Amino acid sequence: MNPAVLPADLGAFSLAVPPLFAALAPARSILIAGAGGGFDVYAGLPLAFALWRGGAQVHLASLSFSELELIDREAWVAKDVAAVQPDTTSPDWYFPERTLARWLAAQELPSTVYAFPPLGVQPLRAAYRYLVEQLDIDAVVLVDGGTDVLLRGDESDLGTPVEDITSLAAVAALDVPVKLVTSLGFGIDAYDGVNHAQVLENLAALDRDGGYLGALSIPGSSREAALYRDAVADAQAATPDRPSIVQGQIAAAISGAFGDLRFSRRTGGGDLFVNPLMAIYFTVSLDKLAARCLYLDRIENTIGRRQVITRIQAFRDELLSARIPRAFPH
């Protein structure tokens, strides 16, 4: 397989083996990272469980919303890279990375969760490059809880793209043989204005470009699903004042739930639509996705998160016309 390029011949992938796993099969050391920050890394857990069970070396990383400057000094392994362990101390009550590290340790699974502060593209890329070099990473999978990472910029609404697109831009320039983006939680971003007919249109375009690795459902009765649900329940118990609405909906969908559910106080005012589509990984080539993003060059030289926000807004302000949102015809 050529660096960062998916197989071009039609026989490279088969229906018998999910392309997501076929693409990762040659990798010796895989980094699964939450693209959008916070609890996004949890969306990568079912994939991590399956890969660990198959004997792969898997590492987890997260773009953190916690106050990382408050954690132990010895946790910082490099500039903008913290290795969060189960015993990492912090006064911050919102600390998904440590919550996950503690849960992983209780399952006797690798329990280091690497954390990055909210950054612009340049320092975040340097942080990723450090992990790639130190952990001998030859495959990176960015995971989005939701679908806004799949938007290219001219849609009717971009949802909450800042962290997702910063992660995409940061990893796009890394010299790693396999780079993928996978999305779990289809439909969740409708709450933030995303039109999912346009998400499907983008996936179709990526398929024409040879950048779509298909959809893969997480079976509700699988070991991966059971562990994921337990991890999400543990996270909700550890963060009762701010449980993840995204992961809660995905966990509910993987349990076979349907419709408008109320699983926390944070979901009391909206109309949720939990359904089986939320339990499906949609996977694409990271490089193909990055090439289709219309404003990735605008944020390339950013240092801080605020720069990313203002440059995305400037792009949207200059956009002559956005794609007209479409409703599902069935």
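**Close-up views of a predicted model**

**View 1. Arginine 242 sits over a ring.** Arginine 242 lies over the face of tyrosine 94, at 4.2 Å from the ring centre. To count as a charge over a ring, NZ of Lys or CZ of Arg must be within 6 Å of the ring centre and within 35 degrees of the ring normal. This is a predicted model, where local features need pLDDT of at least 70, side-chain atom pairs count only at pLDDT 80 or more, and totals for chains, interfaces and linings use all residues. Residues are numbered from 1 along each chain as its sequence is written, and side-chain values use heavy atoms, with hydrogens and water left out. Tyr94 also belongs to a cluster that ring pairs build from Phe39, Tyr42, Trp93 and Tyr94. Rings of Phe, Tyr and Trp (its six-membered ring) pair if their centres lie within 6.5 Å; planes under 30 degrees apart are stacked, over 60 edge-to-face, and the rest tilted.

View 2. Searching the whole structure turns up nine aromatic pairs. One of them is phenylalanine 116 with tyrosine 128, a tilted pair at 4.7 Å centre to centre and 50° between the planes. It links distant parts of the chain, with phenylalanine 116 in strand S5 and tyrosine 128 in helix H4 (residues 121-134), twelve residues apart. Helices (H or I, at least four residues) and strands (E, at least two) are DSSP runs, numbered from the N terminus. Both phenylalanine 116 and tyrosine 128 are buried. Buried means under 20% relative accessible area, exposed over 50%, and partly exposed in between (1.4 Å probe, protein chains only).

**View 3. Helix H3 is mostly covered.** Of the eleven residues in H3 (residues 96-106), eight are buried, among them Trp103 and Leu104. What does the covering? Helix H2 (45-53), strand S2 (57-63), strand S4 (81-84), strand S5 (113-116) and helix H7 (223-238) are included in it. Contact here means heavy atoms within 4.5 Å. After H3 comes glutamate 108, with a positive phi near 60°.

**View 4. Two aspartates have a positive phi.** Most residues other than glycine have a negative phi. Aspartate 80 goes positive, with phi near 70°, and is found in the loop between strand S3 (76-78) and S4. Its relative accessibility is 15%, so aspartate 80 counts as buried. Aspartate 136 has a positive phi too, of about 55°, and lies in the loop between H4 and strand S6 (139-145). With a relative accessible area of 46%, aspartate 136 is partly exposed.
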